[in-house]
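Subject: A structure for you to look at

Hello! Here is the structure I promised to pass on, with its sequence. Have a look through it first, and then read my notes below.

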Amino acid sequence: MATRTLEYRDGAVTCRGYLAYDDQRAGPRPAVVLFPEAFGLGEHVMDRARRLAALGYVALAADPYGSGATARDMPHALELMGGVRGDVDRWRARARAALDALTAQPAVDVSKLAAIGYCFGGSTALELGRSGAPLAAIATFHAGLESPRPEDSANIKAKLLVCTGADDPMITTAQVAAFEEQLRKTKVDWQLHSYGGTVHSFTNPEAGKVGVPALAYNAVADRRSWKAMLDLFAEAFGPS
């Protein structure tokens with residue numbers, strides 16, 4: 001497997017993503033752009049990129065803040081996240097820059113693209129979809145479901161999978177219900193999986209180290225949601 005830093009630009013901002021792919025595999029293949037949690041590009045999302053590469057995908061873990069910046073603590077993460085999501089057009093452009101950098105790779109089959117994301121990254125994947133990006137699949141994990149322009153959900157072209165914790169205090173039942181109501185007004189092919197006994201950041205084995213009670217790893221929900229994502233990819237991309 002090959003891994004390397006991939007520099008790309010969003011306007012004046014230089015981003016430093018993490019590219020992973022099987023360099024022994026010939027021919028174009030499906031590709032996935034991954035958006036990390038609010039702390040920025042770190043080991044959690046890079047590990048997921050390597051796992052996808054081992055399965056035959058070209059995977060790019062995106063840099064949401066530019067210059068490879070990561071947060072030192074939760075207040076700093078909220079500050080960095082707010083700087084991106086405060087302008088939805090800029091937010092979507094940052095996500096699209098990562099997708100464009102991925103599709104420029106020679107091993108990528110540009111007809112088979114997916115976006116996934118975790119927490120803030122899941123929200124980012126949804127905004128990329130709402131921008132009308134040419135994605136075949138989107139999968140989110142413990143994502144924020146509110147949007148500055150919820151009506152743009154009608155622009156989502158991808159098959160959509162949303163995985164959330166049933167006991168997540170950061171993603172309320174009211175927010176989930178409102179999100180479902182938005183999607184019912186569209187023709188999007190969507191599904192929502194809610195995992196019992198599960199709170200926020202359930203895919204991240206390091207979640208408990210942050211010291212926030214709302215964040216906790218759940219191995220069962222992690223395994224089930226990963227399998228659900230792979231099933232979605234198989235359906236969206238067809239035979240390899």
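One definition to begin with: Ala, Val, Leu, Ile, Met, Phe, Trp, Tyr, Cys and Pro count as nonpolar, Asp, Glu, Lys and Arg as charged, and the others, Gly among them, as polar. By that division, the lining of the largest pocket has 16 nonpolar, nine polar and six charged residues.

Please keep in mind that this is a predicted model, in which local features need pLDDT of at least 70 and side-chain atom pairs count only at pLDDT 80 or more, while totals for chains, interfaces and linings use all residues. Residues are numbered from 1 along each chain as its sequence is written, and side-chain values use heavy atoms, with hydrogens and water left out.

On a 1 Å grid over the protein atoms alone, a pocket is an open set of points with protein on both sides within 12 Å along at least five of seven lines, whereas a cavity is a set where a 1.4 Å probe fits but cannot get out; lining residues have an atom within 4 Å of a point. Grid points are joined across faces, edges and corners, and a volume is the space filled by probe spheres set on the points.

The largest pocket holds about 610 Å³ of space. It is lined by 31 residues, and Glu 37, Ala 38, Phe 39, Cys 119 and Ser 201 are the closest to its centre. Helices (H or I, at least four residues) and strands (E, at least two) are DSSP runs, numbered from the N terminus. H1, H2 (74–85) and H4 (120–130) each supply at least two residues of the pocket lining, and the largest share, four residues, comes from H2.

There is one cavity of 30 Å³ or more, and the largest cavity has a volume of about 70 Å³. Among the 14 residues lining this cavity, Phe 35, Pro 64, Arg 94, Ala 95 and Thr 124 are the closest to its centre. H3 and H4 are the elements that give two or more residues to the cavity lining, with H3 giving the most, four residues. By class, the cavity lining has ten nonpolar, two polar and two charged residues.

How do the helices H3 and H4 pack? Their axes are 9 Å apart, at an angle of about 90°. Axes here are lines fitted to C-alpha atoms, for helices over the stretch in contact, and angles run from 0 to 180 degrees between N-to-C directions. Angles under 35 degrees count as roughly parallel, over 145 as roughly antiparallel, 65 to 115 as roughly perpendicular and the rest as oblique. H3 and H4 are therefore roughly perpendicular. Contact means heavy atoms within 4.5 Å, and the residues of H3 that meet H4 include Trp 91, Ala 95 and Leu 99. The contact of H3 with H4 has six nonpolar, two polar and four charged residues.

H2 and H3 (residues 88–103) have axes that come within 6 Å and cross at roughly 100°, so this pair is also roughly perpendicular. Gly 83, Val 84 and Arg 85 of H2 make the contact with Val 88, Arg 90, Trp 91 and Arg 94 of H3.

Finally, look at Gly 144, in the loop between strands E6 (137–141) and E7 (159–165). Leaving out residues up to four places away in sequence, Gly 144 touches Cys 119, Ser 123, Leu 126 and Ile 171.

Enjoy exploring!
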